[in-house]
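The sequence and the coordinates are shown first.

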Amino acid sequence: MNIFHLSISLLVFVSTLLLGTTAVIASRFVITTVAGFTKPAPARVNVVVPTAERERIVDLEDLRNEPPPQPDDFDATGSYSLIMDETPGAFADVGFVDITAREYSYANGIYASNPVIPSGTLHTNKWHVFTKVSIGNREISFETITEGGISYQFVGHFPVSSEYVTCQGCENPADLKGRLKKLNNGNVIAELDANFYAYRR
């Protein structure tokens, strides 16, 4: 009789244990599933952009709407003279430089100015025609042919001057500045920090 009661008690204990474990597993599954469906959406985070960053973003947006930068419309065409009383002896015969960078025309009441391959001449008692010339971004370099063994090289720029200086005693800004070299049979014999002034009508 005792064995029978013991077997019954053991059977009830094992059944209760199995049912309890199953119930716990089932309830956890249900709770997890329901929580997954009812989980609230993550809170929206408002990112605060510092003032400097906002301004930078606006600036970039404005730049996208602006037209692309246009090439420099500077025209180097003209005659440029040295100041004779300040010119050292080796350059005393240098009169002026003629530069052509545009071709001008007039037709049907319309003036036109078209870029051309740059050319020019350095005038002394001879005409030293440019053999090489490069002009861009208000910068210029040229070399001349050799006449009587003498040739010239120049590297310089056209300074930007806002207005003409008209006061008495003021030094007028140069229209073309750079380093002028005089060569004899290809050897440099003199150099000058040259200031050229455009001939103005």
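Of the contacts in the protein chain with a separation of 6 or more, 41% involve residues 24 or more positions apart. The model is predicted. Buried residues account for 19% of the 201 residues in the chain. The chain exposes about 15,400 Å², and 58% of this area is supplied by carbon and sulfur atoms.

**Fold**

Two helices and eight strands make up the secondary structure of the protein chain. Read from the N terminus, the elements follow the order α-α-β-β-β-β-β-β-β-β. The eight strands form a closed barrel in the order β1-β2-β3-β4-β5-β6-β7-β8, and their pairing is antiparallel. On average, and ignoring direction, neighbouring strands of this sheet are turned by 30° against each other. In general, the strands of a sheet pair through backbone hydrogen bonds, in either a parallel or an antiparallel manner.

Strands β6 and β7 illustrate the antiparallel arrangement, being joined by eight bridges. Within this pair, Gly-156 has Gly-178 in β7 as its bridge partner.

| Strand | Residues |
|---|---|
| β2 | 96–107 |
| β5 | 139–144 |
| β6 | 150–157 |
| β7 | 176–184 |

Arg-102 belongs to strand β2. Is this residue, Arg-102, buried or exposed? Its relative accessibility is 14%, and because buried means under 20%, Arg-102 counts as buried. The side chain of Arg-102 is in polar contact with the side chain of Ser-113, at 3.3 Å. Leaving aside residues up to four places away in sequence, Arg-102 touches Asp-73, Phe-74, Asp-75 and Thr-77, as well as Ser-113, Asn-114, Pro-115 and Val-116.

**Aromatic pairs**

The count of aromatic pairs comes to six. One of them is formed by Phe-142 and Phe-154, whose ring centres are 5.3 Å apart. The planes of these two rings meet at 25°; since planes under 30 degrees apart count as stacked, the pair is therefore stacked. Phe-142 lies in strand β5 and Phe-154 in strand β6, so the pair ties together parts that are 12 residues apart in sequence. Both Phe-142 and Phe-154 are buried. These two residues also belong to one aromatic cluster, formed by Phe-130, Phe-142, Phe-154 and Phe-196.

Definitions and conventions
Residues are numbered from 1 along each chain as its sequence is written. This is a predicted model: local features need pLDDT of at least 70, side-chain atom pairs count only at pLDDT 80 or more; totals for chains, interfaces and linings use all residues. Side-chain values use heavy atoms; hydrogens and water are left out. Two strands pair if DSSP finds at least two bridges between them. Helices (H or I, at least four residues) and strands (E, at least two) are DSSP runs, numbered from the N terminus. Axes are lines fitted to C-alpha atoms, for helices over the stretch in contact, and angles run from 0 to 180 degrees between N-to-C directions. Buried means under 20% relative accessible area, exposed over 50%, partly exposed in between (1.4 Å probe, protein chains only). Contact means heavy atoms within 4.5 Å. Accessible areas come from the Shrake-Rupley method with a 1.4 Å probe; for residues, only the protein chains shown count as cover. A polar contact is a pair of N or O atoms within 3.5 Å; within protein, one must be able to donate a hydrogen and the other to accept it, and residues adjacent in sequence count only if both atoms are side-chain atoms. Rings of Phe, Tyr and Trp (its six-membered ring) pair if their centres lie within 6.5 Å; planes under 30 degrees apart count as stacked, over 60 as edge-to-face and the rest as tilted.
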